[in-house]
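Good morning, and thank you for joining. I would like to take you through one structure today, with attention to its charged pairs and its surface.

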Amino acid sequence: MRSYNPKVDILAQEFKDRMIQALGDSTLTQEAIADALATTQGTISRWLNYTSEVHTPAFALAVIPKEISVPLLRFLARAHGYELKMQTEKEELDGRLDDEALAITKELGSLIGDFQEHPEKKPALLRHLDRMEREIVHARSEIESQ
């Protein structure tokens, strides 16, 4: 894609890189993605071609298998300063203490994964861990006082 905005060109290139990486990390093929979208493998190939003016349409992320779409959605969310997290199943958490501990454990795993992908975010991640630690200490003191 050729744009008048260099940032658009860079993001388009990074998006294609992420899609190629996600394909390589999965057992899926371009044909499998094409089947999910009721299109041809040639179309998928053009989406991945760096010199092509054709790009992956946003709606495709809702249809293609999650092994490919989730890494791409994470990339897009982070480009806007957001974090993509899996929605917790309603029956998984019911407000009990062990459920809250499970949610904290998942959050810690997410932070570690984020740091591994983006080590430049270390100061922000450390601030987040400090805030979590204060909450844990507060919860412990409340429990111990009862």
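Let me begin with a term. A salt bridge, as used here, is a side-chain nitrogen of Lys or Arg within 4 Å of a carboxyl oxygen of Asp or Glu. Please also keep in mind that this is a predicted model.

With that criterion, a search of the whole structure finds three salt bridges. Before turning to them, a word on the fold. The protein has six helices and zero strands, so that definition of elements gives the order α-α-α-α-α-α from the N terminus. Of the 146 residues, 22% are buried. Among contacts with a separation of 6 or more, 54% are between residues 24 or more positions apart.

Now to the charged pairs. Which residue forms a salt bridge with Glu83? The partner is Arg78, and the closest N and O atoms are 3.1 Å apart. Arg78 also forms a salt bridge with Glu117, with the closest N and O atoms 2.6 Å apart. This second pair links distant parts of the chain: Glu117 belongs to helix α5 and Arg78 to helix α4, which covers residues 66-79, and 39 residues separate the two.

Is Arg78 buried or exposed? Arg78 counts as buried because its relative accessibility is 15%, and the cut-off for buried is under 20%. Its two partners are classed otherwise: Glu83 is partly exposed at 30%, and Glu117 is partly exposed at 46%.

The remaining pair lies in helix α6. There, Glu144 forms a salt bridge with Arg140, the closest N and O atoms being 3.3 Å apart. Glu144 and Arg140 are four residues apart in that helix, about one turn. Both count as exposed, Glu144 at 56% relative accessibility and Arg140 at 54%. Shared partners, by contrast, join Arg78, Glu83 and Glu117 into one network of salt bridges.

Finally, the surface. The protein exposes about 10,500 Å², and carbon and sulfur atoms supply 57% of that area. A nonpolar patch on the surface is formed by Ile104, Leu108, Leu126, Leu129 and Ile136, with about 360 Å² of accessible area together. Two elements, α5 (97-117) and α6 (122-145), each give two or more residues to this patch. Helix α6 gives the most, with three residues.

Thank you; I would welcome discussion.

Terms used. Residues are numbered from 1 along each chain as its sequence is written. This is a predicted model: local features need pLDDT of at least 70, side-chain atom pairs count only at pLDDT 80 or more; totals for chains, interfaces and linings use all residues. Side-chain values use heavy atoms; hydrogens and water are left out. Buried means under 20% relative accessible area, exposed over 50%, partly exposed in between (1.4 Å probe, protein chains only). Contact means heavy atoms within 4.5 Å. Accessible areas come from the Shrake-Rupley method with a 1.4 Å probe; for residues, only the protein chains shown count as cover. Patches are made of residues with over 30% relative accessible area and no salt bridge: like charges are joined within 9 Å, nonpolar side chains (Val, Leu, Ile, Met, Phe, Trp, Tyr) within 5 Å.
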